Amino acid sequence: DAFFFASQLLVGAVACCLPFCWNAASLLVWSAVYGCGIGPVIAMVSVVLSDLFGTKDLALYHGVSRTAEGAGNLIGIPLLSLLAEKQGFTIALVLSGALVSFSTVFLILLELVQRWIRRSGEVRESRC
């Protein structure tokens, strides 16, 4: 999970840097770093979901995850386009990267809650 979270934080940070790519070389470096960060994020979604929620209802949580991603794309892209028209692309791209990073913090908190629930369950079982 730590690798997934680190990759997702990297994606958020790198997305914030896109407006500051000033030539082809910097855009090439940006693309390489972004690609190395987003690859594990895409590949490890099922692994992280099964770690967080177990494998019994993995299909359900995977569907919820993809639905949320689709809704974010459906709503987020037009809203960021409006923001880019009004405030410029720098603000829109930095905001999108910040939102990715925020979602990573939310996932880390979810992981910590899941660990706490597992530990408290183990303590109750050992007392019985």
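Good morning. I begin with arginine 115, which is partly exposed, with a relative accessible area of 38%. In these terms, buried means under 20% relative accessible area, exposed over 50%, and partly exposed in between, with a 1.4 Å probe and protein chains only. The model is predicted, so local features need pLDDT of at least 70 and side-chain atom pairs count only at pLDDT 80 or more, whereas totals for chains, interfaces and linings use all residues. Residues are numbered from 1 along each chain as its sequence is written, and side-chain values use heavy atoms, with hydrogens and water left out.

Which residue meets arginine 115 in a salt bridge? The partner is glutamate 111, at 3.0 Å from N to O; a salt bridge here is a side-chain nitrogen of Lys or Arg within 4 Å of a carboxyl oxygen of Asp or Glu. Glutamate 111 is buried, at 5% relative accessible area. Because arginine 115 and glutamate 111 are four residues apart in helix α5 (residues 89–127), about one helical turn separates them. Helices are DSSP runs of H or I, at least four residues long, numbered from the N terminus.

The structure holds two salt bridges. Another pair is arginine 66 and glutamate 69, with the closest N and O atoms 2.6 Å apart. Both residues lie in helix α4 (residues 58–87), three residues apart. Arginine 66 is partly exposed at 36%, and glutamate 69 is partly exposed at 42%.

I turn now to the cysteines. Zero disulfides are found in the whole structure, a disulfide being a pair of cysteine sulfur atoms within 2.5 Å. For cysteine 17, the nearest cysteine sulfur, that of cysteine 16, is 6.6 Å away.

Technical notes. Helix = DSSP H or I, 4+ residues; strand = E, 2+ residues; numbered from the N terminus.
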